[in-house]
Amino acid sequence: MAFQLPNLPHLAMLGKLNPKARRSLLVALFTLLLLRGKLADLPRGVLAKLRNVASRQEVSQEELAQALQQVYVDEPDGSKTLLVPHKGRISKVTVKPTPASVIEKNAKQFPLVPASHKPSLDKTFLRQLLAILRIAFPSWRSKEALILVSHSFFLVLRTVLSVAVARLDGRIVRDLVSADGLGFIKGLGLWFALAIPSTYTNSMIRHMQAKLSLRMRTRLTRYTDDIYLSAAPHLRYYRVALEGGLDDVDQYITSDIASFCDALSGIYGNVLKPALDLVLFTSQLSRSLGFRGTAMLFLNYYITARILRAVTPAFGRLAAVEARLEGEYRAGMGRVGRESEEVAFYGGGLRERSILWRAYLRLIKHVNSIYKIRIAYEWTEDFVIKYLWSAAGYCLISIPVFFTRRRNVGVQAQGPKANERVNNEVANRTETYISSRRLLLSLADAGGRLMYAYKDLLELAGLTTRLYTLLSTLHNLPPLPIPAHSGKNVVALRNVDVGVPTTAPAFLAAAAADDASETGSSKGSGTVLVRGLSFELEAGEHLMITGSNGVGKTAIARVLAGLWAAQGGGQVSRPLGKTGVFVVPQRAYMVTGTLLDQIIYPDSYPQFVASGRTHAELMEILTAVNLAYLPSREGGWTTRKEWRDVLSGGEKQRMGMARVFYHRPKFAILDECTSAVSSDVEGRMYEHAKSLGITLITISLRPALMRYHTQLLTIAGDGTGRWSLKRIGTAEERMDLDREIVTLENRLAEVEQWETRLKELERLLSAQEA
């Protein structure tokens with residue numbers, strides 16, 4: 001028994017469609033049936049999200065202030081949840097630090113490259129790019145990989161839609177030429193049906209490209225910050241310029257990473273889609289062009305590539321030089337902003353302007369040279385892409401017309417009768433021409449974008465070299481030696497040569513590979529300031545280091561703090577952590593944040609809360625440094641200002657001492673940190689520090705501070721690196737003081753002789769004038 005479908009008008013209309021249209025419609029209906037559950041749940045999910053947004057209550061001003069003060073919350077797994085106030089609410093962003101094992105694993109992918117390496121499209125560029133991509137795409141399950149897959153899907157979909165639009169364009173013109181009204185109306189309906197996914201696809205391609213760039217930038221920036229702002233014993237942010245020889249790191253992290261991500265995300269779309277277009281469009285055209293047309297098409301590709309490759313300048317090197325000059329100009333502007341007060345005191349505005357103008361002119365001169373180079377390149381590129389390809393396209397379209405064996409020029413003047421097949425050779429030829437021409441135009445556009453992508457690839461090579469240089473330098477900085485700690489509260493130096501750090505061995509090896517003649521240069525030899533320094537300082541034994549300017553007093557503090565490695569095979573022993581040794585430099589640093597943050601630095605507010613300390617204790621600390629008036633003057637503990645500009649020089653130095661009293665370390669190194677403080681306040685702070693049980697190591701030229709110390713380390717200023725250590729108050733020190741008193745008395749005894757000689761000279765001068 002045969003089953004028959006009911007005679008429905010919709011099924012009859014479906015039967016009138018051609019096989020291709022019927023197949024496309026069935027695929028669309030099948031897809032709709034598969035997605036019907038998700039489509040039905042979509043409004044429900046949107047409404048649920050809207051309810052959640054509507055149900056969220058706005059937080060109070062106190063809670064917003066608390067979030068601004070707290071900044072983040074420490075999680076049990078080591079991650080941090082950032083508290084971001086936004087539109088009356090607090091958004092939470094989880095940030096997971098990069099594990100040390102991952103950094104150590106990635107270090108193998110970043111060997112140093114010689115400084116003479118020039119960016120180009122070679123194996124070195126591919127190796128550098130793959131090393132960076134391992135950071136940007138840590139796994140195929142990451143969000144970046146998902147965005148990349150989505151971006152690729154829309155790029156492929158756009159190519160498929162372009163082929164469909166080209167075929168539909170030819171069909172509409174065919175129906176128009178053959179006076180097929182029903183076919184023309186159907187074609188217009190399909191045209192508008194294709195317009196919806198086509199426009200949506202174009203928008204999603206741009207959206208996915210921007211989102212991919214942003215995600216890569218976030219991933220690379222977080223990784224770079226984790227490795228750059230590393231704690232002891234690495235301290236890469238402090239050593240990258242001195243030992244790694246890399247300047248203007250801020251330009252690398254803020255600007256070069258963003259430019260690299262924008263260029264890479266743009267390159268992916270500008271290479272994948274045109275390449276796919278070339279494959280698909282060529283395969284479609286080969287059906288109508290035949291073997292000869294396809295061979296000429298590939299010949300056109302080859303000639304175009306050879307011409308553009310011959311005239312393409314070294315855009316990669318030009319982009320790298322432009323980024324470097326941009327960094328120098330930006331660093332100059334930042335220097336003036338940081339040192340504005342000193343420049344104003346000296347009246348050096350005109351001088352700084354000339355320095356900045358010279359840096360700007362170097363940048364602009366280079367940019368103008370790039371523009372001049374691009375004139376000839378873009379002229380050749382436009383001629384080849386637009387006109388040569390268009391002429392080649394017309395020639396290719398003419399091949400099936402002029403070289404077919406049977407030529408039929410008949411035209412069906414009237415529409416076809418019922419059950420009569422349309423036989424209109426002109427209409428069919430027009431359809432082929434329109435479809436082929438549209439495909440050729442798309443093909444020319446794809447070829448043009450590929451040729452443009454070659455230039456973009458060269459610029460990407462320059463940005464890749466810049467970013468790789470930053471990451472390889474940070475990865476190859478060796479850690480500083482960890483000071484020995486015997487468990488006792490002792491700071492000791494044993495036969496230590498104190499000198500300026502030398503360039504790291506890995507960088508010297510890279511320089512040697514670059515130019516063998518530079519291996520013996522002074523770049524790898526440091527200057528020794530103090531030789532064979534040895535002393536042992538127990539708790540309660542306060543040490544004062546003195547000597548003329550430039551002899552290495554602050555260098556000793558850097559060695560004690562672990563910023564510089566001990567040279568000469570010596571050994572450093574000290575308690576570890578900020579509760580062991582705390583350093584206060586002469587130039588006080590004011591952190592971005594509230595008044596409370598200035599006192600507890602480098603601790604954060606969550607650490608302050610966890611410690612159980614109170615605001616009353618902070619007020620006692622401010623009273624000890626004569627800054628008790630600050631909370632009332634500045635508006636409370638949570639006031640946020642640019643404290644570097646608000647506080648005076650003396651107030652900033654006293655704030656540094658307040659940090660010592662807050663952390664209460666076993667040893668405090670005070671490097672000329674009270675030079676702008678009056679002697680009476682200075683004396684009270686030293687007495688308070690000693691009452692808290694803090695052992696002081698003071699670097700100063702003020703003899704009045706000797707009374708607060710028990711030992712005196714004097715650095716000779718004769719360039720030999722000699723030093724002497726004496727106990728203050730001993731017979732030896734009294735003998736030295738007695739000798740100095742005798743010397744001064746002898747000089748005072750000669751005053752009468754010099755006064756007599758001065759009167760004689762004045763009498764001789766007056767006689768000559770007369």
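Is F154 buried or exposed? With a relative accessible area of 10%, F154 is buried (under 20% is buried, over 50% exposed, in between partly exposed, with a 1.4 Å probe and protein chains only).

## Ground rules

This is a predicted model, where local features need pLDDT of at least 70, side-chain atom pairs count only at pLDDT 80 or more, and totals for chains, interfaces and linings use all residues. Residues are numbered from 1 along each chain as its sequence is written, and side-chain values use heavy atoms, with hydrogens and water left out.

## Aromatic pairs

Searching the whole structure turns up 9 aromatic pairs (Phe, Tyr and Trp rings, the six-membered one for Trp, with centres within 6.5 Å; planes under 30 degrees apart are stacked, over 60 edge-to-face, the rest tilted). One of them is F153 with F154: the ring centres sit 5.4 Å apart and the planes are at 70 degrees, so the pair is edge-to-face. While F154 is buried, F153 counts as exposed at 51% relative accessibility.

Then there's Y686 with Y708, a stacked pair with 5.4 Å centre to centre and 25 degrees between the planes. This one links distant parts of the chain: Y686 belongs to helix α23, Y708 to the loop between β12 (695-699) and β13 (711-715), 22 residues apart. Y686 is buried at 1% relative accessibility, and Y708 is buried too, at 10%. Back at the other pair, ring pairs also bring in Y200, making a cluster of F153, F154 and Y200.

## Helices α22 and α23

Helix α23 (residues 679-691) packs against helix α22 (residues 649-663) at about 10 degrees, axes 11 Å apart (axes are lines fitted to C-alpha atoms, for helices over the stretch in contact, and angles run from 0 to 180 degrees between N-to-C directions). That makes the two roughly parallel (under 35 degrees; over 145 is roughly antiparallel, 65 to 115 roughly perpendicular, the rest oblique).

From α22, R654, M657 and F661 meet V681, M685, H688 and A689 of α23 (contact means heavy atoms within 4.5 Å). By class, the contact has 5 nonpolar, 1 polar and 1 charged residues (Ala, Val, Leu, Ile, Met, Phe, Trp, Tyr, Cys and Pro are nonpolar; Asp, Glu, Lys and Arg charged; the others, Gly among them, polar).

## A sheet under a helix

The order β1-β2-β3 describes an open sheet of 3 strands with antiparallel pairing (strands pair if DSSP finds at least two bridges between them; helices, H or I, of at least four residues and strands, E, of at least two are DSSP runs numbered from the N terminus). Helix α4 (residues 61-70) lies across β1, β2 and β3, at about 140 degrees to β2.
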